[in-house]
Amino acid sequence: MKKLIKRGFAALLALTLALGMSVSAFAADGTQVAKKDYRLTNSGTTSPAETFQFTVEKVGVTDATKPNGDKLTTEDMPDLTIADVSYAAGEAGSANSVKDLVVTTPATDFPTVGIYTYKVTETPGNTAGVGYSTVGKELTLKATVYHDDDTLELKVAYAFRVDGDKGPGIVNTYSAGSLSVGKRVVGNLGNRKQKFNFTVTFTAPEGKTVNSTITYGDKTITPENFKNGIATATFSLADSETMVFNNVPYGVTYDVTEDTYEGYTANYGNKTGTINSSTTFSHIDNEKKGSVDTGVILHSAPYILLLVGVGAAAVAFLILKKHREV
């Protein structure tokens, strides 16, 4: 029994030390100051891998003085560093979409107690479809440095604010939609069983890179397929068929082109455009008309002649009969 108690106490002690070491390691690596939430604008889409980066700018310091009594200035403030936040492909909108925003500057870097204010800016990236927190939002990080009442150790407490509101984190979005290309054959001579060949050209927004994988049918357009920001896809459709391109980032433009077919007139609807909603439609109507030779004159000619002959005979009979009566 004593041995069992001793073993249990040893295990508890080991667990306590392990927890203490893990907490100390986190404190040494950094302090979580806010949350980052990476969301999907439209369900059914898949975000590309993305790393969000930040810069921190000194704004001002209050309630802080030097040993000689002079007030601290921004030059006396330490540089703060916020660790990059990375997401794997598909993590936006998933169970792993919320991650910590961590400051890696320890309390010992601050010269003395005081309230230090910093402006945080998310570095704008160039991934098509990803929304960065750079427009119209004021991100502020306030560090309050103080002495612990018991140990007199210098500590720091961080408060993160978005547009002056304490508590909320940084929200990023991935926005992508689908492009549906439909086909219709019209006209009395249109072949509704014939396959017509198409090419869709996708172009990345200016200054952006497509890092998403676009799917259509059983095929894909990968980021490697975009050469100088342009990628193409070819496919065939018959009457009433549709090809759907999924996970096309917002801002990407498209151009639908059909091969030329003799006797057909192609009428496009939304031939070109920009993906900026959950679903975009484009369609092509192929029309082929012609006169239909029914052969009525050719095949009915003998009957018409026969009717003419019968009519002429009837007239002659009536004339002859009248003549006899006279």
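Student: Exposed means over 50% relative accessible area, buried means under 20%, and partly exposed is in between, with a 1.4 Å probe and protein chains only. Which is S240, buried or exposed?
Tutor: S240 has a relative accessible area of 60%, so the residue is exposed. Keep in mind that this is a predicted model, in which local features need pLDDT of at least 70 and side-chain atom pairs count only at pLDDT 80 or more, while totals for chains, interfaces and linings use all residues. Residues are numbered from 1 along each chain as its sequence is written, and side-chain values use heavy atoms, with hydrogens and water left out.

Student: What is the pLDDT average for the protein?
Tutor: The average is 85, and 80% of the residues score at least 70. pLDDT is the predictor's confidence in each residue, from 0 to 100.

Student: Where does pLDDT stay under 50?
Tutor: Over residues 1-29, for which the model has 4 contacts beyond four places in sequence. A contact means heavy atoms within 4.5 Å. Where pLDDT is low, the predicted coordinates should not be read in detail.

Student: Back to S240. Where is that residue found?
Tutor: In the loop between β16 (230-237) and β17 (242-249). Phi of S240 is near 70 degrees, a positive value in a residue other than glycine. Most residues other than glycine have a negative phi. D163 also has a positive phi, near 55 degrees, and lies in the loop between β9 (154-162) and β10 (165-166). At 43% relative accessibility, D163 counts as partly exposed.

Student: How many helices and strands does the protein have?
Tutor: There are 2 helices and 21 strands.

Student: OK, sheets. What is the strand order in the open sheet of 4 strands?
Tutor: β5-β1-β11-β7, with mixed pairing. β5 (98-103) and β7 (130-131) stand at the edges with a single partner strand each, so one side of each has no neighbour in the sheet. Two strands pair if DSSP finds at least two bridges between them.

Student: How many bridges join β1 to β5?
Tutor: 6 bridges, and the two strands run antiparallel, β1 covering residues 31-40. K35 stands opposite D100 in β5. β1 and β11 run parallel, joined by 5 bridges, and D37 has V171 in β11 as its bridge partner. β7 and β11 pair in the antiparallel sense over 2 bridges, with Y174 in β11 as the partner of V130.

Student: Which residues touch the most other members in the largest nonpolar core?
Tutor: F54, L101, F110, Y116, L141, Y158 and F160, out of 34 residues in that core. The strands that each supply at least two residues of this core include β1, β5, β8 and β11 (170-174). A second, separate core of 28 residues includes L179, F196, V200 and A204. A nonpolar core is a set of buried Ala, Val, Leu, Ile, Met, Phe, Trp, Tyr and Cys residues joined through side-chain atoms within 4.5 Å.

Student: What does Y158 touch?
Tutor: Leaving out residues up to four places away in sequence, Y158 touches T31, V33, L80, V103, T105, F110, L141, K142 and A143.

Student: And T140, buried or exposed?
Tutor: T140 is buried, at a relative accessible area of 17%. The residue is found in strand β8 (residues 139-147). Beyond its neighbours within four places in sequence, T140 is in contact with T117, Y118, A159, F160 and R161.

Student: New topic: D285. Which side chain does D285 make a polar contact with?
Tutor: That of R184, at 2.9 Å. A polar contact is a pair of N or O atoms within 3.5 Å; within protein, one must be able to donate a hydrogen and the other to accept it, and residues adjacent in sequence count only if both atoms are side-chain atoms. D285 is in strand β21 (residues 279-287) and is buried, with a relative accessible area of 13%. Not counting residues up to four places away in sequence, D285 touches R184, T265, A266 and N267.

Student: How many of the 326 residues are buried, as a percentage?
Tutor: 33%.
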